[in-house]
Amino acid sequence: MRDLIREGTVSPRAEEVAARADVGLRSVFRHFDDMESLYREIGDLILVDVAPMLELPPPSGTVDEILEEMIDRRAKLFERIMPFRVAADMNAHRSPFLVDDRARMNIAFRDIMRSALPAAVRKDRVLVDALDAVLSFDFWRRLRVDQRLSISQARRVVEAAAAPLIGAKR
């Protein structure tokens with residue numbers, strides 16, 4: 001299933017998973033009670049894959065350097081998880097796990113961002129909310145998928161949107 005999603009099949013059916021794994025459909029459901037348990041397994045695999053990126057120490061330096069490093073880290077992380085988040089969003093209507101996982105990831109991204117921001121920025125709730133939106137996966141996905149920007153173009157747009165927000169707190 002992971003490979004199918006990575007290759008662009010946003011909602012692989014159990015039959016496709018079985019065919020890719022070269023096993024019978026019954027074998028898939030011997031290992032997984034239902035699609036929800038399969039989603040959980042894929043979520044665990046992705047978390048293991050990206051854990052080193054999430055566990056980096058907060059960036060340091062000037063506010064501009066911190067912002068640049070945050071954007072760089074998020075661009076790499078978001079590119080890595082893009083097919084899985086898109087697939088999860090497409091299937092969230094039928095999966096409580098995918099809804100909860102998205103919420104957990106968004107909280108983790110926000111906490112990571114907040115931990116890197118200077119105290120003067122963290123105190124401003126509206127500014128933190130604005131930065132959270134500009135540095136979000138949803139904004140990145142829109143730039144990369146909907147607007148079809150390259151990674152470098154999307155990165156420049158995020159920088160252009162985030163820099164004035166931070167600039168007010170220098």
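The following exercises, with worked solutions, concern a predicted model.

**Exercise 1.** Determine how the length of helix α4 relates to its expected span.

*Solution.* Step 1: helix α4 covers residues 35-54 and has 20 residues. Step 2: the expected span is 1.5 Å times one less than the number of residues, and for α4 the expected value is 28 Å. Step 3: the helix reaches 27 Å from its first C-alpha to its last, which is close to the expected value.

**Exercise 2.** Locate the kink in α4 and identify the elements that cover the buried residues of this helix.

*Solution.* Step 1: the kink, of about 35 degrees, is found at Val48, shortly before Pro52. Step 2: the buried residues of α4 include Leu38, Ile42, Ile46 and Val50. Step 3: among the elements covering the buried residues are α1, α2, α5 and α6.

**Exercise 3.** Decide whether Ser95 is buried or exposed, and describe its polar contacts.

*Solution.* Step 1: Ser95 lies in the loop between α5 and α6. Step 2: a residue is buried under 20% relative accessible area; Ser95, at 1%, is therefore buried. Step 3: the side chain of Ser95 forms a polar contact of 2.6 Å with the side chain of Glu36, a residue that is itself buried in α4. Step 4: a polar atom of the Ser95 side chain also lies 3.0 Å from the backbone nitrogen of Leu98.

**Exercise 4.** Classify Ala18 as buried or exposed, and list the residues that it touches beyond four places in sequence.

*Solution.* Step 1: Ala18 belongs to helix α2. Step 2: its relative accessible area is 4%, so Ala18 is buried. Step 3: beyond four places in sequence, Ala18 touches Val23, Gly24, Leu25 and Val28.

Conventions:
Residues numbered from 1 in each chain as written. Predicted model: local features only at pLDDT ≥ 70, side-chain atom pairs only at ≥ 80, totals over all residues. Heavy atoms only, no water. Helix = DSSP H or I, 4+ residues; strand = E, 2+ residues; numbered from the N terminus. Bend = angle between axes of the 7 residues up to and from the residue. Buried < 20%, exposed > 50% of the residue type's maximum accessible area, 1.4 Å probe, protein only. Contact = heavy atoms within 4.5 Å. Polar contact = N/O pair within 3.5 Å; in protein donor to acceptor, adjacent residues only side chain to side chain.
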